[in-house]
Amino acid sequence: MMSRSDQLILGIETSCDDTAAAIVSGGRLISSIVSSQPLHDRYGGVVPELASRDHQKNIVTVARTALREASVTLSDVDAIAVTYGPGLAGSLLVGLSFAKGLSASLGVPLVGVNHIEGHIYSVFIDEPSPPFPFLCLIVSGGHTMLVHVREEGQHEVLGTTRDDAAGEAFDKVAKMLGLPYPGGPQIDRLASQGNPEFHLFPRARLDGYDYSFSGVKTSMLYFLNGIPKVDRRRYLEDNMSDLCASFQSAVVEMIMDPLSRAARDTRIQAIALTGGVSANSGLRDAAATFCQDNGLDLYVPEPSYCMDNAAMIATAAHHMLAVVITSPLTLTADPAATLA
Ligand code: KG4
Ligand code: ZN
């Protein structure tokens, strides 16, 4: 009989605008497919109604491709893992209903995975994975969270954002600068050619480990509004990289401040960065320097696993199945799910 550690898991992720499926076998990632939805680019942000309709169109092909690339068929699948929340309600329902249908028809367990927990498990996709306990920073377009991961499945949320998510701040500021969506990678690219000391944007510093990015976003707006309209286009053309570098350095400092304080307060030995914004080169450099200076180990998944993907959902399920955590078919989508 197959031991739990050999189980072949099909993971499904549809919480936002990426339709994703992955196969994990015995804890090893065999295939990972992510279909992004470029249709949101022209609106400068994700349109929930369009996202869920696109998931409907994509989900079967994406799941089939993940199976084919892993050279397996549905009859080889031992469990179905799926994101149940947090995320966009309509988008979650597409993945969840698809996963439930597969689970019921194949007669295999369903494992509902919290999307944030999935991001935490993205550092377990590839070796080496961090030892417990570790601090995990999850920074994406939808979330900013600092989590003390004490043991497998045991987390304490130390801090969250009080307003915008880190990626949301990048995206909104990029929009103000006239850059295409999603703006994070654009700002990152331009910042590498600019002067971070060109303009000092104010840094928010809250008590505890919470984050706030709305102030720095608004200060960019005021800064741009201070330039006469007739000159603005020219000004942006001339100073774009410097503005990006200055904004990015403010955001990176604001992300690093609670993280470094928490690392010292918890006397932690390892830090993990996950979520789309952890692909940011300024953040990676700052975290690497902090870890090096303080003798800590840093774990950052490869960029494709930092973004939303199903490999992290199937990997989380592999760990959950090891302690026999499965979900009933009555599992419902929870757009505001918190990390238990
Ligand atoms: O994890 P993710 O794919 O989706 C969510 O769960 O939100 O993260 C997407 C976010 C977007 O806001 C995008 O602008 C940001 O991650 N992002 C970056 C970079 N790459 C992606 N932000 C800053 N620098 C980057 N290199
Ligand atoms: Zn995410």
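The paragraphs below begin with the ligand and its surroundings and then turn to some loops.

This is a predicted model, in which local features need pLDDT of at least 70 and side-chain atom pairs count only at pLDDT 80 or more, while totals for chains, interfaces and linings use all residues. Residues are numbered from 1 along each chain as its sequence is written, chains are lettered from A and ligands numbered from 1 in the order in which they are written, and side-chain values use heavy atoms, with hydrogens and water left out.

Ligand 1 sits in the largest pocket, where a pocket is an open set of points, on a 1 Å grid over the protein atoms alone, at which a 1.4 Å probe fits and which has protein on both sides within 12 Å along at least five of seven lines; to sit there, a molecule must have more than half of its atoms within 2 Å of the grid points. There are 21 residues around ligand 1, and G141, D171, D188, G276 and N280 come nearest, a residue being counted if one of its heavy atoms lies within 4 Å. This shell comprises seven nonpolar, 11 polar and three charged residues, with Ala, Val, Leu, Ile, Met, Phe, Trp, Tyr, Cys and Pro taken as nonpolar, Asp, Glu, Lys and Arg as charged, and the others, Gly among them, as polar. At least two residues of the shell come from each of α3 (115–121), α4 (166–176) and α5 (183–191), the helices (H or I, at least four residues) and strands (E, at least two) being DSSP runs numbered from the N terminus.

Oxygen atoms of ligand 1 make polar contacts (pairs of N or O atoms within 3.5 Å) with the protein backbone: a backbone N or O atom of G142 lies at 3.1 Å, and a polar backbone atom of G184 is likewise 3.1 Å from a ligand oxygen. Taken alone, ligand 1 exposes 560 Å², of which the protein buries 91%, as calculated by the Shrake-Rupley method with a 1.4 Å probe.

The loop between β8 (154–160) and α4 holds T161, whose side chain reaches the backbone oxygen of D164 at 2.5 Å and also has a polar atom 3.2 Å from the backbone nitrogen of D163.

Elsewhere, the loop between α3 and β6 (134–139) contains P128, and the peptide bond from E127 to P128 is cis, with omega near -5°. P133 is found in the loop between α3 and β6 as well, and the peptide bond from F132 to P133 is cis, with omega near -10°.

Notes: A polar contact is a pair of N or O atoms within 3.5 Å; within protein, one must be able to donate a hydrogen and the other to accept it, and residues adjacent in sequence count only if both atoms are side-chain atoms. On a 1 Å grid over the protein atoms alone, a cavity is a set of points where a 1.4 Å probe fits but cannot get out, and a pocket is an open set with protein on both sides within 12 Å along at least five of seven lines; lining residues have an atom within 4 Å of a point.
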